[in-house]
Amino acid sequence: MTRNSETPTDDDERMDFENAIVSDSDTDADERIETDGGVGTPFEVVSEYEETRRDRYRKLYDAYVHAPISIIWRDWRARIGFTIVAIYLLMGIVGPLIVEPTSVTEGPALAAPFETMEYPLGTDNQGRDLLSQTVHSTSTILKMVLSGAVFTVGIGTIVGSIAGYKGGMTDTVLSSITDVFINIPGFPLVMVLGLMFDDQILGNPYAIGILLSVASWGGLARAIRSQMLTLREESFVEASQAMGIGTSTIVFKEIVPHLMPFVVINLTNAGRKVIFEAVALYYLGILPFQDLNWGSILNQAYGANAHARPDAIHWFLVPMFAIVFISVGLTLLGQSLDRVFNPRVRARHEKTTADVEGEGDGETQTQDAMGV
């Protein structure tokens, strides 16, 4: 009797104990679902911070204005390069509006620099002001640099990116075209094209800039393709592909921004190359011109044997210094812009909205604690 009476009691206790364990497990599971970021909770989490239009503008200002200026100001190379390039931009854009064009017999022949403040850089053998010639030549050279550099970087980036990302037959065809342009001797090709299309490019600096860069994009396209072959295997690219994003969006909005430091450096290098080729071809008399420019000034100075005459050496040196200084400025600017596009360096200089809001909240809490 005793055994039979105890058995149901033990079974009941065992069942109660098991039910208690199951209920505790269910409770713990429910708690974990609520607290560990499980499936049910992400849709219930709502940010307490609502971004306003002013905050968006502040973020854009921090990312594209404040951070680049801070980086440039802290780097001596950037300050020097930016200053030199800014001087040339002002000289090419504003200078022609201030400095009047020069004419023959305007002043004394071969006046020395600073001999008179009317002609601070002196004159040539025909009495033309060298400062006026330099200023009005800068505008033409800058237009050539702009069109040539943009053409080189644009074509090279587009061809290299598509070839590296698509692969297969597309890569084969584009790589073959790139190899052809890499192996074409660029300077002789430009000389031939300049003689063939002299009527079409006469007085059009933008066309001359593109002509000078027609065979310069091959090396950049090859380098971009090599970088693209590596970046297309990254996880963010695979995620974009899984989301069904289009090829052009993935290439030019997701991958190409990672190549911007390399692209910008090549942009400045392409600009310097355009300057050197343009001056060389004008100096050799191959490219036609209507107005004087740095290359044609050197040509006339050399023809008058100015490089061997002490009284005329300034005629030869003024355009040379103009070429050297803008080349140095572009080189320093290109080296410093690598830091501007570096994400780690930018992160240290960006003053984000969250930081500003955090500082504001901290001040508010302090004032509340002090009873202000």
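Which element gives the most to the lining of the largest pocket? I looked this up and found α5, with 7 residues.

**Basis.** I worked from a predicted model, in which local features need pLDDT of at least 70, side-chain atom pairs count only at pLDDT 80 or more, and totals for chains, interfaces and linings use all residues. Residues are numbered from 1 along each chain as its sequence is written, and side-chain values use heavy atoms, without hydrogens and water.

**Largest pocket.** I noted a space of about 500 Å³. A pocket here is an open set of points on a 1 Å grid over the protein atoms alone, where a 1.4 Å probe fits, with protein on both sides within 12 Å along at least five of seven lines; lining residues have an atom within 4 Å of a point. The lining has 21 residues, and His136, Thr140, Gln290, Asp291 and Leu292 are the closest to the centre. By class I recorded 7 nonpolar, 11 polar and 3 charged residues (Ala, Val, Leu, Ile, Met, Phe, Trp, Tyr, Cys and Pro count as nonpolar, Asp, Glu, Lys and Arg as charged, the others, Gly among them, as polar).

**Second largest pocket.** I found about 420 Å³ of space in this pocket. Its lining has 20 residues, with Leu89, Leu142, Val145, Leu146 and Leu330 nearest the centre. α5 again gives the most to the lining, with 7 residues. The classes are 15 nonpolar, 4 polar and 1 charged.

**Elements.** Helices are DSSP runs of H or I with at least four residues, numbered from the N terminus. I noted that α5 spans 130-166 and α9 spans 205-212, and that each supplies at least two residues of the lining of the largest pocket.

How values were computed. Points joined across faces, edges and corners; volume = space filled by probe spheres on them.
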